[in-house]
Amino acid sequence: MKKFLQYLLVIFFLLLLVIPIHWLLSGDSSEVSTAEARTMVALAPAENPNLQRAISLFREGNITEAAEILLNLYTSRSFIEKFERATSDQFPLRMEMIQFSRAFDRFVINISYALTQDKVIPADMTNDIYYDKVDNQLLHPLTLFNQTTKENIDTRIQNYTELIQENPELNFYLYYHQLLENSDFHPINIHFSEADRGQSFRYFEGQMPDALNYEKFLLTGMEDHLKYYYRTDHHWNVYGVLRAYDEIYELLRKGYPEISPKLENEGIMAFPEIDFLGRMARITFFPIDGDDFAVELIDIPEHQIIKSGQELEEHSRQIYYEGNYSTIPYINHFNEFYGKVTDLIEYSFDNNSDRNLLMIGSSYRIALDPLLASHYNKTYCIDLRYNTDFSLSEFLEDHKVDDILIIGDNTVAFDDIEYWKINP
């Protein structure tokens, strides 16, 4: 047994050395993890002159000086943190080990829940994601309505009030869309006395400023959730997008009666080759059938898009229409088709409108950007998570805006005060 343990330790430390040796030989090991929707951290020597110098000295046989440089590096906190992340990301068979770990999680969870009647169980042990056996879907945990929630909403109401008072010449609009976790229909509501059940929105609605024009997309049952949202992803599907466009168009028309006619949807384009495994499936690796992926067929007029300061030559919508898309599992097709959110996206349409629009919202908004922008001369789209120093007054100094539209769920619309509170 003692010899076995010694051999085991030797093998373990040899494995730990595989990655540094690989860096020495290859010099770079960066790659994109489709399943995790991110670029893996790599410790490329070219990015660190000291590490590059140590490697050169090793190759020249100057072990002592190289070791001294490495010792100094490994006393640097920033280098150690990056080294640990890179070692984790580049470890051999890393994804296979993650999948095995998730499978073992599910085995333990199934054993634990075998004697219960629960229809909703954890999807794994590390993420707050549940599996709903009845409707074969993955779910986010429900949200709570408590004193902290009320205080956050009060802060956001005061924020809206101040913004409207300071900018009386602007039209402020809010489009609220309800998610299952904020509704009365989340299947584990019965286990939590503070479950939101739509209380947050009702509290906000009862105190919101009168000058804030709004429309609400409320769920009337689980059927609505399954109709308008994906089962494996948190976003709304094509039917949710089309409903939101219809309702927001009517909302804007109240203060913009001369708005151009609504764009016509010519049908639904399905992609039968795509088995869409969205964000919840991607982070849990839960063995679930993917969603059908389909998009609207809307002929958007000619326009210019400037994204993070760079003009786009071709929108990703057209790429999908032409059949140039991947069927690799865990591709984020919602973002790949509609586009990725950034700090600022600017649309310019050559039409008869003399009005400009500012839209604030998360990745749900990205599906509506060009549809709504087509009715304005210029449209500015902002995600406050990527523009943390945003100030409305400073923005208005450089950008003429007539209408301001906020699109979002509880977090974006009235609950979160860390990212989504709009600085005056």
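A residue here is called buried under 20% relative accessible area, exposed over 50% and partly exposed in between, with a 1.4 Å probe and protein chains only. Because phenylalanine 286 has 10% relative accessibility, this residue counts as buried.

The model is predicted, so local features need pLDDT of at least 70 and side-chain atom pairs count only at pLDDT 80 or more, while totals for chains, interfaces and linings use all residues. Residues are numbered from 1 along each chain as its sequence is written, and side-chain values use heavy atoms, leaving out hydrogens and water.

Phenylalanine 286 sits in the loop between helix H10 (279-284) and strand E9 (294-298); helices (H or I, at least four residues) and strands (E, at least two) are DSSP runs numbered from the N terminus. Leaving aside residues up to four places away in sequence, phenylalanine 286 touches Arg106, Ala123, Tyr131, Leu138 and Ala281, where contact means heavy atoms within 4.5 Å. Its C-alpha atom is 9.9 Å from that of tyrosine 130, 156 residues apart along the chain.

Now for the sheet. Eight strands form an open sheet in the order E7-E6-E15-E13-E14-E12-E10-E11, with mixed pairing; two strands pair if DSSP finds at least two bridges between them. Strand E6 (residues 171-177) runs parallel to E7 over six bridges, and tyrosine 173 has asparagine 213 in E7 as its bridge partner.

| Helix | Strands touched | Angle |
|---|---|---|
| H6 (residues 147-166) | E6, E7 and E15 (403-408) | about 155° with E6 |
| H9 (residues 238-253) | E6, E7 and E15 | about 155° with E7 |

Key: Axes are lines fitted to C-alpha atoms, for helices over the stretch in contact, and angles run from 0 to 180 degrees between N-to-C directions.
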